[in-house]
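Reader: Could you walk me through how to read the contacts in a protein model? I would like the general idea for each feature, and then the case at hand.

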Amino acid sequence: MKITFYKYISILILFSTILACKNQTQDKIANHRLWYKKPAQRWEETLPLGNGRIGIMPDGQPFNETLVLNDITLWSGGIQDADNPEAAQYLPEIQRLLFQGKNDEAQDLVYKTFVCKGAGSGHGNGSKVPYGSFETLGNLRLKYLSKSESVPINYQRELRLDDATAKTEFFIDNIKYTREYFTSFTDDVAIIRLSASQKGKISLEIAMDRPRQFQTRTDNGTLMMEGQLNNGTDGNGMGYLAMLKPILVGGELSASDTSLIIKDADETIIYISMGTNFQRANHENHIRELLDKAIGKDFKSLKSNHIAEYQSFFKRTEITLTENPLKAELPTDQRLIEFAEDENDNGLVNLYFQYGRYLLISSAHAQILPPNLQGLWANTINTPWNGDYHLNINVQMNHWPAEITNLPELHKPLIEFTKKLVIPGQNTARVFYNANGWVAHMMTNIWGFTAPGEHPSWGATNTGGAWLAAHLWEHYDYNRDIEYLREIYPVIKGASEFFLDMLVTDPNTGWLVTAPTTSPENEFYMPGKSKAVNICMGSTMDNQLIRELFRNTITAASILNIDKELAFRLSETIEKLPPNQVGSDGRLMEWLEEYEEPEPQHRHVSHLYGLHPGNEITPELTPNLAEAAKQTLIRRGDGGTGWSRAWKINFWARLHDGNHAFQLLKNLLEPVYDNDYNYTNKGGTYPNMFCAHPPFQIDGNFGGTAGIAEMFIQSHAGFVNFIPALPDQFSEGSFEGLRVRGNGIASATWKDKKLTVAEIFANNKSSFIIKIPDYGPNPECFINRKRHELIMNNQMISVVLDKGDKLELIFP
């Protein structure tokens with residue numbers, strides 16, 4: 001057959017295109033896949049699967065496999081009255097001591113009088129007291145009954161971020177064994193498929209257990225585990241139930257009293273339905289119904305429906321960076337080790353970014369509860385720090401990726417959770433402070449705990465509610481939905497009303513201050529004193545949060561055209577709050593005075609809230625404060641716990657220092673194997689890419705993902721800033737689908753760290769101010785592919801886009 005030159009060229013182009021598409025697909029898979037050549041030896045090596053309500057974590061052991069089971073609602077404890085009716089009478093004396101500079105005496109009095117009633121959180125043993133603890137549901141044990149004594153070869157297990165499935169594969173005696181796992185986003189059950197390359201090779205015993213408070217039984221081919229947790233008072237706490245039923249192709253199924261036995265099956269699909277009676281009276285019927293419905297569907301449709309629902313979230317955002325393909329050939333645990341020595345692995349950065357999005361989808365999709373300190377995964381009944389909701393950064397950090405990485409629906413569990421704190425928070429405000437409005441302190445649980453904690457060094461922080469209110473506003477700021485604003489306005493108004501009543505005048509300065517309070521978990525020396533204290537008044541973080549809260553309430557009232565008198569009072573009060581102050585050493589001051597710190601590299605950097613996630617400190621609008629924030633970060637150092645390193649990525653990105661942000665990202669990805677409590681410089685990443693405080697705390701995963709996004713796009717300062725903090729490693733690349741305030745979807749492409757294309761798609765009618773880089777000629781501007789005249793003002797352009805409009809900026 002004769003092939004002309006032009007046909008040859010056409011075939012060559014077609015072949016090249018197919019090869020390029022194949023390579024691009026392989027690159028995406030590499031960026032969306034955690035994989036390992038050996039089974040997990042510890043929980044921090046297992047792979048997390050979840051659908052926002054239930055979760056499983058398989059360890060992939062060939063012969064005795066354990067899967068940890070979770071339900072995000074499974075809590076011990078119960079509703080309690082922790083508000084101390086004696087506290088308010090001591091408030092004036094505490095404040096008087098603070099005004100006189102007697103913080104040590106004030107602290108002693110706070111410890112004695114201004115704490116919650118009862119045991120509080122139980123110092124991390126909440127499962128024994130009414131506060132409660134998030135607990136593991138239990139363990140699924142799969143004991144494989146192999147007749148071979150051969151050692152498995154070609155072992156591999158993986159977690160696919162692009163479809164939220166996991167798989168384990170290996171060979172024994174030339175037989176390939178495959179295990180597939182997922183927690184269905186559509187059918188709300190966990191599913192495991194066991195298969196082999198030869199028939200009759202699936203034999204195993206199935207059992208379930210947990211450390212305490214459980215019973216197991218079998219009935220008609222179904223295995224059940226049930227029990228009731230302790231509520232800390234009469235013992236009658238939350239009930240739970242897990243039901244498991246295997247469906248066999250070939251083989252035989254039998255049962256003992258507490259286990260199921262499968263022999264010589266060709267294939268087995270295990271369906272697991274589990275739940276609690278949290279907000280559901282007839283949970284047993286519901287759990288059984290979910291199980292029966294799932295069994296009534298074929299595996300292929302169950303899996304395809306699950307993937308389609310998951311991908312409707314996951315596929316919204318993509319980043320592309322210049323990558324080293326050889327790194328993707330490494331198992332994930334080895335890849336982390338090599339990254340610590342050789343940072344030439346942008347693919348690992350991409351993987352970590354998408355892993356954070358995966359974890360947020362997997363722990364919030366059901367929109368029942370927000371992800372807690374461990375998301376929805378726990379392997380113990382005494383979960384570290386009770387697996388609760390810390391309100392002095394941690395639960396907030398869990399939601400930093402929600403808006404910017406295009407997962408706004410996943411903010412809603414936190415929003416609803418915050419609304420439910422209002423009523424108990426009103427009582428706490430009245431009992432402790434004789435104040436109107438509502439307050440939450442440093443920690444809370446699913447039972448509505450809002451009182452100060454039992455240990456004032458961390459429990460006295462009283463701006464937890466203000467920080468939660470910031471998230472309610474953030475969701476509005478990104479979406480600009482007036483009806484939503486009307487819905488959440490009473491919540492942010494109530495938070496503001498609390499501080500209007502609670503603030504007191506410091507006679508030394510005339511400023512209105514919070515008293516007592518802390519700068520979260522940090523301490524300082526009073527002049528001439530050798531013992532450090534935590535209790536203070538008017539900490540910088542408090543002032544920043546309250547200013548932000550008041551301004552958001554004022555703006556909301558203006559948009560809704562209500563509460564003009566309240567808005568006026570808030571405006572007046574803002575002027576009386578202590579301003580941000582720069583110390584003699586050039587750092588932003590953490591307290592009202594320049595105190596010496598016992599731990600200059602403390603993990604919390606709370607006084608930089610105004611830099612991130614707040615917006616009152618920016619290089620463009622407040623350069624002096626930005627420089628003071630920089631000096632603060634230099635003194636704090638680049639170590640700390642996992643979540644602390646993640647926060648610092650965001651700080652340096654907001655300061656437009658991409659290289660320093662990347663250094664913190666590298667530090668965050670430092671391999672960690674220790675799960676003992678450590679509050680200093682042992683943070684990093686476990687082999688399964690969970691964040692290590694240590695122990696595991698999921699907030700660092702979410703903070704790291706948000707920090708990577710902040711390198712690519714920012715919109716907090718009143719304008720959209722494309723690629724504001726690119727490190728040298730990201731000199732060429734692109735992103736699609738990140739969000740900016742005003743309900744815009746942003747995309748960009750760059751080369752040599754200079755924009756070539758920038759785009760915004762408007763989901764609402766909205767105006768956008770965009771910062772134009774000053775490194776070359778002005779770009780060409782198009783709206784819906786029609787040329788649009790640019791009007792520049794101090795390197796800024798302003799455009800109004802209707803819903804569905806697309807703005808394109810093409811840089812020469």
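Author: Happy to! Let's begin with salt bridges: a salt bridge is a side-chain nitrogen of Lys or Arg within 4 Å of a carboxyl oxygen of Asp or Glu. The side chains of Lys117 and Asp81 meet this rule, at 3.3 Å from N to O. Lys117 sits in the loop between helix 3 (103-113) and strand 5 (138-144), and Asp81 in the loop between strand 4 and helix 2 (91-99), so the bridge ties together parts that are 36 residues apart in sequence. Helices (H or I, at least four residues) and strands (E, at least two) are DSSP runs, numbered from the N terminus.

Before we go on, a word on the source: this is a predicted model, where local features need pLDDT of at least 70 and side-chain atom pairs count only at pLDDT 80 or more, while totals for chains, interfaces and linings use all residues. Residues are numbered from 1 along each chain as its sequence is written, and side-chain values use heavy atoms, with hydrogens and water left out.

Reader: Which residue forms a salt bridge with Glu180?

Author: In general, side chains of opposite charge can pair when their charged atoms come close. Here the partner is Lys303, with the closest N and O atoms 3.2 Å apart. Lys303 belongs to helix 5 (residues 299-314) and Glu180 to strand 8 (residues 175-183), 123 residues apart. Lys303 is partly exposed at 22% relative accessibility, whereas Glu180 is buried at 9%.

Reader: What about Asp71 and Arg53, buried or exposed?

Author: Both Asp71 and Arg53 are buried. Their side chains form a salt bridge of 2.9 Å, N to O. Asp71 is in strand 4 (residues 64-71), while Arg53 is in the loop between strand 2 (49-50) and strand 3 (54-58).

Reader: How many salt bridges does the rule give?

Author: The count comes to 46. Some share partners: Asp585, Arg587, Glu590, Glu597 and Arg636 are joined into one network.

Reader: How should I read a nonpolar core?

Author: In soluble globular proteins, nonpolar side chains tend to be buried together. A nonpolar core is a set of buried Ala, Val, Leu, Ile, Met, Phe, Trp, Tyr and Cys residues joined through side-chain atoms within 4.5 Å. The largest one here has 227 residues, and Leu140 is among those that touch the most other members. A second, separate core of 14 residues includes Phe182 and Leu291.

Reader: And how do I read two packed helices?

Author: Two packed helices are described by the angle between their axes and the distance between the axes. The axes are lines fitted to C-alpha atoms over the stretch in contact, and angles run from 0 to 180 degrees between N-to-C directions. Angles under 35 degrees count as roughly parallel, over 145 as roughly antiparallel, 65 to 115 as roughly perpendicular and the rest as oblique.

Helix 10 (residues 412-420) and helix 14 (residues 482-502) pack at about 40°, with their axes 10 Å apart. Helix 10 is therefore oblique to helix 14.

Technical notes:
Buried means under 20% relative accessible area, exposed over 50%, partly exposed in between (1.4 Å probe, protein chains only).
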